[in-house]
Amino acid sequence: MRDRLHLRLVAFATLLTACGFDPAGSEVVEPPSVYREWWAKTEACSGLTGDFDRVEWMIVPGESFACSSGECVGHWDPGHRIYVASDWAHHEMVVRHEMLHDLMRRRGHPSPPFGSGCPLTWESWAASQATTGMTPATPVPSRLLD
Ligand SMILES: [Zn+2]
């Protein structure tokens, strides 16, 4: 019993001291094929180009994860690493928002391309979906996109 408890404490301490951005439970995944289409769309709306295969995709289990600005559903790391909460991994706007950071190679949300050009913010995405007449404007969630 004592040994097992000790092992668990060591594992916990290792988790705490791991350097860099590393939300608990995140796993490297192979991007679904639709991500490649979304990448192409994001290149097109922004006029930027980048290497899709250079991006490392990390899925964090759950609805959101802790990030520097609060609770995030997506986070871009300058080392071409993108974190997405598993509940949002198939949400086009969330995924493409992070793609756009990688194409721009910077944080922050200047418009253009965010909002004007690429409707990849909660507000502009809801508005762009509403204009198709297919779906009513969805309420804007407060989830953050780093
Ligand atoms: Zn962002």
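Which residues are buried in helix 2? Tyr35, Trp39, Thr42 and Ser46 are. Let me start there.

First, the ground rules. This is a predicted model, where local features need pLDDT of at least 70, side-chain atom pairs count only at pLDDT 80 or more, and totals for chains, interfaces and linings use all residues. Residues are numbered from 1 along each chain as its sequence is written.

Now some terms. Helices (H or I, at least four residues) and strands (E, at least two) are DSSP runs, numbered from the N terminus. A residue is buried if 20 or more other C-beta atoms lie within 10 Å of its own, exposed if 12 or fewer, and partly exposed in between, with C-beta atoms placed from the backbone.

Back to helix 2. It covers residues 33–46, 14 residues in total. From first C-alpha to last it reaches 21 Å, close to the 20 Å expected at 1.5 Å a residue. That expected span is 1.5 Å times one less than the number of residues. Looking down the axis, the buried residues of helix 2 fall within an arc of 65°, so they line one face. The arc is taken from the directions from the helix axis to the C-beta atoms. Why can a helix have a face? An α-helix has 3.6 residues a turn, so residues three or four places apart point the same way.

On the other side of helix 2, exposed residues include Ser33, Arg36 and Glu37. What covers the buried residues includes helix 3, residues 92–104. Just after helix 2, Gly47 takes a positive phi of about 75°.

Next, helix 3. Its 13 residues should span 18 Å at 1.5 Å a residue, and its end C-alpha atoms are 18 Å apart, which agrees. Of those 13 residues, 11 are buried, so helix 3 is largely enclosed by the rest of the structure.

A nonpolar core is a set of buried Ala, Val, Leu, Ile, Met, Phe, Trp, Tyr and Cys residues joined through C-beta atoms within 7 Å. The largest one has 25 residues. Val73, Val84, Ala85, Val94, Leu100 and Leu120 have the most contacts inside it. Helix 3 gives the most to this core, with 6 residues. Take Val94 as an example. Leaving out residues up to four places away in sequence, Val94 touches Val73, Gly74, Val84, Trp88 and Leu145. Touching here is contact: two C-beta atoms, placed from the backbone, within 7 Å.

Last, the loops. Most residues other than glycine have a negative phi, and most peptide bonds are trans. Here are some exceptions. His80 has a positive phi, near 60°. His80 sits in the loop between strand 4 and strand 5. With 14 C-beta neighbours inside 10 Å, it counts as partly exposed. Pro78 lies in that loop between strand 4 and strand 5 as well. Its C-alpha is 8.3 Å from that of Arg107, 29 residues apart in sequence.

Arg105 follows helix 3, and its phi is positive, near 55°. Arg105 has 11 C-beta neighbours inside 10 Å, so it counts as exposed.

Then the cis bonds. One joins Ser111 and Pro112, with omega about -5°. Another runs from Pro112 to Pro113, with omega near 5°.
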